[in-house]
Amino acid sequence: MRFPLCSQVVGMTTPQIDSARLWKSLTEISVFGATPAGGLHRLAASKEDGQARDYVVAAARELGCAVRIDALGNTFMRRAGSDANAKAILVGSHLDSQPLGGKYDGIYGVMAGLELLRVLHESRTETKHAIEVAVWTNEEGARFAPAMMGAAYFAGKFTADELLVRKDVDGVQLGNSLTEIGYAGIDIVSPVEHKAYFEIHIEQGPILQDENLQIGVVTLVQGMRWFRIGISGQSGHTGTYPMETRRDALVAASHLIKAVQQIGLDQPLTGRATVGHLVVTPNSPNVIPGHVELMVEFRNPEVAVLDVMTASLNQALKETADKYGVEVVSKQELDSATIDFTSELIDLVEQAASACGKTSKRMISGAGHDACQLSAVMPTTMIFIPCDKGISHAENEAITQDWAADGAAVLVETVLAFDSK
Ligand code: HGY
Ligand code: MN
Ligand code: MN
């Protein structure tokens with residue numbers, strides 16, 4: 001089905017996206033890491049991540065794109081522009097998923113970028129700026145912390161040496177995993193090469209669908225903080241050790257987890273506080289847990305509120321240590337500030353949606369994205385499409401073919417309009 005393009009709506013010459021081709025590519029790439037329940041298990045730098053990258057790289061090479069891979073495995077697929085001196089326009093997202101994630105979080109943005117390259121290629125559209133599509137390594141942070149890692153490296157926030165030694169729960173280093181999948185690159189790709197970054201992504205919330213809107217014009221991404229907490233008590237025999245003198249790390253952790261929940265509830269409507277990662281050692285039914293590692297995550301649009309939540313956490317850590325006679329250590333592993341996107345790009349996305357005849361609204365993002373890191377080094381903004389019932393980071397994450405096509409058409413319009421500015 002050829003998608004009736006923006007150009008036909010407004011008489012512009014925007015080339016057509018191919019809805020069926022985009023949907024087919026989303027279906028094909030979802031086999032890499034597919035779970036029986038219809039979701040994805042495609043952790044960063046895993047075999048499945050490598051297979052998904054190979055799929056996209058092969059398609060880009062068929063279009064004559066130049067492919068570069070940097071030290072963090074960030075993969076760049078570039079279509080040349082007519083003006084070699086003009087900076088490139090960057091589009092991208094991620095292919096890694098949560099352990100039991102969905103088929104569209106991140107992946108849709110990469111495949112919409114590939115559809116952009118395909119449309120430009122088949123219509124022989126000449127752009128002044130090169131168009132480059134990026135696959136960022138380890139956006140999710142589910143296997144290696146922190147999240148948005150590859151994009152943070154690209155933005156100069158970490159060195160490769162700092163990140164490639166990060167280990168997963170099995171002690172496997174990121175660098176070794178990238179080498180195994182063939183994405184331990186040597187290319188140097190710098191943000192100075194680029195004029196702007198556009199990321200299209202599923203909303204991961206219910207607003208667009210509830211309000212029957214086609215496009216989200218993203219203005220801001222809320223701040224996010226991660227704290228890795230270690231609780232050390234005393235292992236012991238569950239049959240012999242008296243209850244009264246135990247220093248049970250898991251009981252202490254349960255107290256802290258409830259305190260974290262309360263910290264979120266204390267910020268009505270906007271507070272988000274979660275413990276989603278817990279490792280119990282030795283995790284045996286007849287051993288008193290001696291150590292627990294957990295990750296605390298706070299999110300809020302206001303930095304001042306995040307500061308209040310952080311102070312409350314520090315108080316709760318002290319109380320937990322005192323109450324349960326355990327040692328508690330905390331290490332902040334992510335501090336992603338509230339990000340305001342570039343106003344002229346926000347306007348451009350809104351105009352492009354209108355030019356394509358799509359309904360849209362301005363909105364903030366509750367989820368973090370690679371665009372948060374890119375915004376530190378170049379003009380950046382995002383485009384949302386709806387996702388079913390707002391479900392994400394779950395195997396039943398879903399979008400429709402029309403939503404996918406609507407977003408891709410607006411991405412093409414946005415990028416070509418920016419190119420012609
Ligand atoms: O956690 C996030 O907000 C993103 O979806 N990884
Ligand atoms: Mn994502
Ligand atoms: Mn995600």
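This note goes through the ligand sites and the salt bridges of the structure above.

1. Basis. This is a predicted model, in which local features need pLDDT of at least 70, side-chain atom pairs count only at pLDDT 80 or more, and totals for chains, interfaces and linings use all residues. Residues are numbered from 1 along each chain as its sequence is written, chains are lettered from A and ligands numbered from 1 in the order in which they are written, and side-chain values use heavy atoms, with hydrogens and water left out.

2. Shell of ligand 1. The residues around ligand 1 are Asp-105, Glu-139, Glu-140, Gln-204, Arg-299, Ala-367, Gly-368 and His-393. A residue belongs here if one of its heavy atoms lies within 4 Å of the ligand. By class, the shell has four charged, three polar and one nonpolar residues. In this scheme Asp, Glu, Lys and Arg are charged; Ala, Val, Leu, Ile, Met, Phe, Trp, Tyr, Cys and Pro are nonpolar; the others, Gly among them, are polar.

3. Close atoms at ligand 1. A polar side-chain atom of Glu-139 lies 3.0 Å from a nitrogen atom of ligand 1. The side chain of Glu-140 places an N or O atom 2.9 Å from a nitrogen atom of the ligand. For His-393, a side-chain N or O atom is 3.0 Å from an oxygen atom of ligand 1. Taken alone, ligand 1 exposes 210 Å², and the protein buries 95% of that. The areas come from the Shrake-Rupley method with a 1.4 Å probe.

4. Manganese site. The manganese ion (ligand 3) is coordinated by Asp-105 (OD), Glu-140 (OE), Glu-140 (OE) and His-393 (NE2), at 2.1 to 2.5 Å. Donors are N, O and S atoms within 2.8 Å of the metal (3.2 Å for Na, K and Ca); water is not among the atoms, so sites may look incomplete. The donor residues are spaced D-x34-E-x252-H in sequence. Asp-105 bridges the manganese ion (ligand 3) and the manganese ion (ligand 2), which lie 3.5 Å apart.

5. Glu-140 lies in the loop between β4 (131-136) and α5 (149-154), and His-393 in the loop between β15 (380-385) and α13 (401-420), so the pair ties together parts that are 253 residues apart in sequence. Helices (H or I, at least four residues) and strands (E, at least two) are DSSP runs, numbered from the N terminus. Glu-140 is buried at 6% relative accessibility. His-393 is partly exposed at 39%. Buried means under 20% relative accessible area, exposed over 50%, partly exposed in between (1.4 Å probe, protein chains only).

6. Salt bridges. The count comes to 22, a salt bridge being a side-chain nitrogen of Lys or Arg within 4 Å of a carboxyl oxygen of Asp or Glu. Glu-115 pairs with Arg-21, with the closest N and O atoms 2.7 Å apart. Glu-115 lies in helix α4 (residues 107-122) and Arg-21 in helix α2 (residues 19-29), so the bridge ties together parts 94 residues apart in sequence. Glu-115 is buried, at 1% relative accessible area.

7. Further bridges. Lys-361 and Glu-211 meet at 3.2 Å, N to O. Lys-361 is in strand β14 (residues 360-365) and Glu-211 in the loop between α8 (207-210) and β6 (215-221), so parts 150 residues apart in sequence are tied together. Both ends are partly exposed: Lys-361 at 26%, Glu-211 at 43%. Separately, Arg-68, Arg-78, Glu-132 and Glu-193 are linked in a network of salt bridges.

Technical notes: Polar contact = N/O pair within 3.5 Å; in protein donor to acceptor, adjacent residues only side chain to side chain.
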